[in-house]
Amino acid sequence: MIETEHRLVFRFTDHGDEGVPFAEPPGLAFAARATSSFPGAFPPATVEEMDDFLAERGTAWPDRDAFLECMLPQQWSDNRAEKAILIDGSVLANAPFRPAIDALRERPARRQIDRRFVFIDPAPGMRFDFYGTPQEKPGFFQTIIGALSELPREQPIRDNLEAISARSDRIERMLAIVAEIRAEVETQVEALFGYTLWLDYPTPKRLASWRRRAQVAAAAKAGYGHTAYGLLKVDGAIDRISRLLYTIGDRHGPERLREIREAVTHAVQSRGADRFGATQSNGASPQTLEFLRAHDLGFRIRRLRLLARRLTEIDLPSSHTELLPMREAIYESLAAYLELKRSDTFADLRGAVRDMTDDAGPILDLLAERMQLKALDQATDARLSDGFSTLSKDLRRPMLLAHLGFPFFDIATLPLLQGEGMDEFDPIRVDRISPEDACAIRTGGAAATLKGIQFNSFGAFFSRAYRENDYLWGRLHGVDRLIDIVLSALPFEDRLADDRVAAIKRGAFHAILDEEETRLTLIPGLLADLREEIG
């Protein structure tokens, strides 16, 4: 069976790197032109149209071919990218949550964060009214128009939100388990090392030796459960590698991802790198241990995440300054590992992925050589050793116990967190920016504030005043909700009083009106009304 994928996602990012351009202007203009070409309102977008426009203006597009090969890979490979016809993506998916959720893999947190998934819904509950009154049956043309124009655009996002909620629930349960078993794990670690743990200076060499000893002890304590845990780790590494190769490759689709994963899995199995059990020395075969040392990026990230969370738990105002070097050591080390999660770190391997055969062994070796995880581990041990050395005994104790107790915690919690991208311990909160939720100025939602919802959401196409109205309300609703979202990150005991929140919002509202008053010349009445309503 052959399936054709009609949806295209244009991705732009500077990855937060200062001085790196977000994208070339022609690429951004082309994407904007394509996503605004709603059928019936604007003609479809084509590459030829953009080429003619740039030629007329004398504007260069240096990365044109690279842009088209990346954004239109199937059309480019068939030498028909210039003939591609593009229309507004909302015809197929008006709420493209899946690409946004997938993008989380490329945005790992390098600092302690409050992770939010924020989406904009300007007119929730509004739909094209093609069907007449509830008692009226739709006719032939009404049914066709409704099927083509309404149903695909208005598919619910509930499934996506439930997926985020389920992920956050698993993380919350994992954190509860960690807290519940902490005392027992710390007892195991202290029994393993005795008083030498607190008397010896934690040099990089000692840290590495202590960590290996703790991992062997955790495997022995886990018994046959360690085999299941080890197989999960190998499977997680295979999944990460497969998705990385798929992302940097130039062929996309479920079948291609399955091909890559089968090739990687076969390479791992043929090397004997998936063998665990009591009959194996240290609980796993030498080939398995070597594979994990070279490729198990998630294990390293989870360990540092747990250490960072433990530091946050013991960080009090009286100890904050003393913990700063430890915090810097943790997050500097974490940043180096997280860089290896970014697909563009390996973008130059696209040719190798394209040429990959059923034997994925050579590209596994190439990735291991590029990542140099063993060297990163040594650098991490050096940083952590320096961080531990700055701590008093009372603060060093819980941090060392968390670091060395990680194998025990990981064996207990990884089955709960199984799945790609589950190496963060911070739940994701979902927030909506919508007129229905932004009520600080005026209640009534979209019907009481927006003009563009008229004429089946095409009202603003025909009136500059309507566009000015909706633009201004969009800014006001946005700042209203953003203030709510930021303040909701505060601990409950630090929440601001209602009158203080109202004062902050009033200041922000008036700042927007002051900035926009000279620009929005067709809605003076609205501006005056808003100043009176805001107070």
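**Arg211.** I began with Arg211 and found it within helix H9, which covers residues 204-222. This is a predicted model, so I take every value below as computed from predicted coordinates. Next I listed what Arg211 touches, leaving aside its neighbours within four places in sequence, and the contacts are Arg303, Asp381, His403 and Leu404.

**The second largest pocket.** Staying with helix H9, I looked up which element gives the largest share of the lining of the second largest pocket. That element is H9, with eight residues. The lining as a whole is made of 27 residues, and those nearest the centre of the pocket are Arg212, Gln215, Leu289, Arg293 and Phe299. I noted the elements that give two or more residues to this lining, and besides H9 they are helix H10 (225-248), helix H12 (286-295), helix H13 (297-314), helix H17 (373-389) and helix H19 (406-417). For the space inside the second largest pocket I wrote down about 790 Å³.

**Gly445.** I moved on to Gly445, which lies in helix H20, residues 445-449. Gly445 has a relative accessible area of 4%, and it is therefore buried, the limit being under 20%. Not counting residues up to four places away in sequence, I found Gly445 touching Pro435 and Glu436. I also checked Ser434, which is 11 residues from Gly445 along the chain, and the C-alpha atoms of the two are separated by 7.9 Å.

**Phe42 and the surface.** I then turned to the surface, where Phe42, Phe461 and Phe462 form a nonpolar patch with about 340 Å² of accessible area together. Where does Phe42 sit in the secondary structure? I placed Phe42 in the loop between helix H1 (25-35) and helix H2 (47-57).

**The chain as a whole.** Last, I looked up the totals for the chain. Its secondary structure comes to 24 helices and two strands, and 42% of its 535 residues count as buried. The chain exposes about 28700 Å², of which carbon and sulfur atoms supply 54%. For contacts between residues at least 6 apart in sequence, I noted that 72% join residues at least 24 apart.

Technical notes. Residues are numbered from 1 along each chain as its sequence is written. This is a predicted model: local features need pLDDT of at least 70, side-chain atom pairs count only at pLDDT 80 or more; totals for chains, interfaces and linings use all residues. Side-chain values use heavy atoms; hydrogens and water are left out. Patches are made of residues with over 30% relative accessible area and no salt bridge: like charges are joined within 9 Å, nonpolar side chains (Val, Leu, Ile, Met, Phe, Trp, Tyr) within 5 Å. Accessible areas come from the Shrake-Rupley method with a 1.4 Å probe; for residues, only the protein chains shown count as cover. A salt bridge is a side-chain nitrogen of Lys or Arg within 4 Å of a carboxyl oxygen of Asp or Glu. Helices (H or I, at least four residues) and strands (E, at least two) are DSSP runs, numbered from the N terminus. Buried means under 20% relative accessible area, exposed over 50%, partly exposed in between (1.4 Å probe, protein chains only). Contact means heavy atoms within 4.5 Å. On a 1 Å grid over the protein atoms alone, a cavity is a set of points where a 1.4 Å probe fits but cannot get out, and a pocket is an open set with protein on both sides within 12 Å along at least five of seven lines; lining residues have an atom within 4 Å of a point. Grid points are joined across faces, edges and corners, and a volume is the space filled by probe spheres set on the points.
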